[in-house]
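Here are a few quick notes on this one, to read with the viewer open. Have a look first, then go through the points below.

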Amino acid sequence: MKSLLNIMILIVVMATGCQLEDETKKTETSPPILQLSTSGEIGQNASKHAEEVLKKQNNLMDVQAINDDKKLLIAAQLPHNDRFQMKKIEKKLTKQVEKQFPDREITLSLDKKIHLEIKDLKEQLAKGKLVNKKLKKEIDRIIKLSKEKT
């Protein structure tokens, strides 16, 4: 009698376990939500791709990037020991990104201030406070700031 009861409990547990697994599979494979917007926002796919490529292939602490339709602005932070070779590393990273995005004007900086400016700009963009025209102006301002020599 006990063995029959144990077998019945085992069957019930296995049946409910299989049902729960099937339900979780259904929720995981739901189709992605499409964003239907006509605001004309500039997609940040290029900047996200550039961040991933640079982080994977190089010894960088952090990478921030933002783009508009023609320009790609990237700021990276080097480990402290690599700061002795900044110019060499900056040229290498710029060439690496130019190969990935030949159709965009690339500006890469290893300056901490530029890094913070891009980070702030990305936060504003995420909150929806920037429109395309203002985004382009801000990117141009940061590019001009990165080319200044102090």
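This is a predicted model: local features need pLDDT of at least 70, side-chain atom pairs count only at pLDDT 80 or more; totals for chains, interfaces and linings use all residues.

1. The link between β1 and β2 is a hairpin of three residues.

2. β1 is mostly covered, with six of its six residues buried. In a regular strand, side chains alternate between the two faces of the sheet. For β1, one side carries Asp 62, Gln 64 and Ile 66, the other Val 63, Ala 65 and Asn 67, and all of these are buried.

3. Now to Thr 107, which sits in strand β3 (residues 105–109). Is Thr 107 buried or exposed? At 6% relative accessible area, Thr 107 is buried, since the cut-off for buried is under 20%. Leaving aside residues up to four places away in sequence, Thr 107 touches Leu 72, Leu 73, Ile 74, Ile 143 and Ser 146.

4. Last, the helix pair. The axes of α4 (residues 112–127) and α5 (residues 132–147) come within 10 Å and cross at roughly 175°, so α4 and α5 are roughly antiparallel. Among the residues that meet are Ile 114, Ile 118 and Leu 121 from α4, and Leu 135, Ile 139 and Ile 142 from α5. By class, the α4 contact with α5 has eight nonpolar, one polar and four charged residues.

Definitions and conventions
Residues are numbered from 1 along each chain as its sequence is written. Side-chain values use heavy atoms; hydrogens and water are left out. Helices (H or I, at least four residues) and strands (E, at least two) are DSSP runs, numbered from the N terminus. Buried means under 20% relative accessible area, exposed over 50%, partly exposed in between (1.4 Å probe, protein chains only). Contact means heavy atoms within 4.5 Å. Axes are lines fitted to C-alpha atoms, for helices over the stretch in contact, and angles run from 0 to 180 degrees between N-to-C directions. Angles under 35 degrees count as roughly parallel, over 145 as roughly antiparallel, 65 to 115 as roughly perpendicular and the rest as oblique. Ala, Val, Leu, Ile, Met, Phe, Trp, Tyr, Cys and Pro count as nonpolar, Asp, Glu, Lys and Arg as charged, and the others, Gly among them, as polar. Two strands pair if DSSP finds at least two bridges between them.
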